[in-house]
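Reader: Could we go through this structure together? I would like to start with the terms.

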Amino acid sequence: MKPRVYVTRKLPDDVIERLAQTCHVRMWESEEEAVPRDVFIEELKAADGALTMLTEQIDRSVLEAAPNLRVISQMAVGYNNIDLATATARKVAVVNTPGVLTETTADLTFALLMAVARRIPEAERFVKEGKWKTWAPLLLTGADVHGATLGILGLGRIGEAVAKRARGFDMTVHYYSRTRKPDVEEKLGVQYRSFDEVIATSDFLCVLMPYTKETYQLIGREAFAKMKPSCRLINTGRGEIVDEEALYDALVQGEIAGAGLDVFTEEPISTDHPLLQLPQVVALPHIGSASVATRMTMAHMAVDHLVAALQGKAPKAQLNPEVLTS
Ligand code: DGY
């Protein structure tokens, strides 16, 4: 009998057709709306595998309600929504889609950095709202990106790809990461600094570390107080790493100059959130990896990983390899 799998978001037909060759597939039929938690729990009761998005909270109670579940294949590199320890204890293999979204997310990070630096969304609104009367010497002036100092917090794959882009802009790049990366330092000419040094000397500060207990609200009041008033914060990692109330205060009080945010503590962020009222904030709806090609690659990879793990083969990106190897 084919294993039963539940897919938590409508995916393109060719992706689902591939999955259906080896699995009995049930799917939440909306592309835009996340599956409600009670529906998800109900569907998991009979499922052997799940293909999930980062919008599902897969905590202990969800896992305990899924007696047959053997594999969770998540279409994302981040997996902070999954209780990995409980999944491992219950012998549920957890797999993600690393690598394939690195360059696309680095592109978006850089685009956001440039949008904040040169006030592109503000300038576009200015034109479309008919406010443009004449060329003016200081009209919508922003900050130079070329030659500026870029701080990268978290030099993983995406951080490294951002550093590579920064070289083309003659930026000085320094980073703070859990693990020092001498090979990347040598290859890209980036410099390792303490967390405090990076935040205190950057013109642009990119938050690219994973969200863990240790990084929760790591960028808070104390950190903002150390930043340069001209610093612009770019977050394409996870919203929870930045204390959003402290960020708002830092922006309003001029402790920093701007922010580009692709991720938020609550997603979607409410339109009346104070941060969205500030012109120096550029906000995007978590689209770091959203190129057509990359999202399709992620979807197919999530299928490949799900099928492989259900067949007892260890997929390359398993987050708890001990489950399938034991
Ligand atoms: C991820 O993969 O974790 C991103 O946040 C979405 O692509």
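Author: Buried means under 20% relative accessible area, exposed means over 50%, and partly exposed is in between, with a 1.4 Å probe and protein chains only. V127 counts as partly exposed because its relative accessibility is 47%. Please note that this is a predicted model, in which local features need pLDDT of at least 70 and side-chain atom pairs count only at pLDDT 80 or more, while totals for chains, interfaces and linings use all residues. Residues are numbered from 1 along each chain as its sequence is written, and side-chain values use heavy atoms, with hydrogens and water left out.

Reader: Where is V127 found?

Author: V127 is found in helix α6, residues 120–128. Helices (H or I, at least four residues) and strands (E, at least two) are DSSP runs, numbered from the N terminus.

Reader: Which residues make the nonpolar surface patch?

Author: V127, W132 and L139 make a nonpolar surface patch of about 300 Å². Patches consist of residues with over 30% relative accessible area and no salt bridge; like charges are joined within 9 Å, and nonpolar side chains (Val, Leu, Ile, Met, Phe, Trp, Tyr) within 5 Å. Accessible areas come from the Shrake-Rupley method with a 1.4 Å probe, and for residues only the protein chains shown count as cover.

Reader: Changing topic, which residues are around the ligand?

Author: They are L54, A76, V77, G78, L101, R238, H286, S289 and M298, where near means that a heavy atom of the residue lies within 4 Å. This shell divides into five nonpolar, three polar and one charged. Here Ala, Val, Leu, Ile, Met, Phe, Trp, Tyr, Cys and Pro count as nonpolar, Asp, Glu, Lys and Arg as charged, and the others, Gly among them, as polar.

Reader: Which side chain has an N or O atom 2.7 Å from an oxygen atom of the ligand?

Author: That side chain belongs to R238. A backbone N or O atom of V77 also lies 2.7 Å from an oxygen atom of the ligand, and a polar backbone atom of G78 is 2.8 Å from a ligand oxygen. The protein covers 89% of the 230 Å² of accessible area that the ligand has on its own.

Reader: And S177, is that buried or exposed?

Author: S177 is buried, because its relative accessible area is 7%. The residue sits in the loop between β7 (172–176) and α8 (182–188). A polar atom of the S177 side chain lies 2.7 Å from the backbone nitrogen of L155. A polar contact is a pair of N or O atoms within 3.5 Å; within protein, one must be able to donate a hydrogen and the other to accept it, and residues adjacent in sequence count only if both atoms are side-chain atoms.

Reader: How many salt bridges are there?

Author: The count comes to 18 salt bridges, each being a side-chain nitrogen of Lys or Arg within 4 Å of a carboxyl oxygen of Asp or Glu. In one of them, R18 pairs with D304, the closest N and O atoms being 2.2 Å apart. The pair links distant parts of the chain, with R18 in helix α1 (residues 13–20) and D304 in helix α12 (residues 292–310), 286 residues apart.
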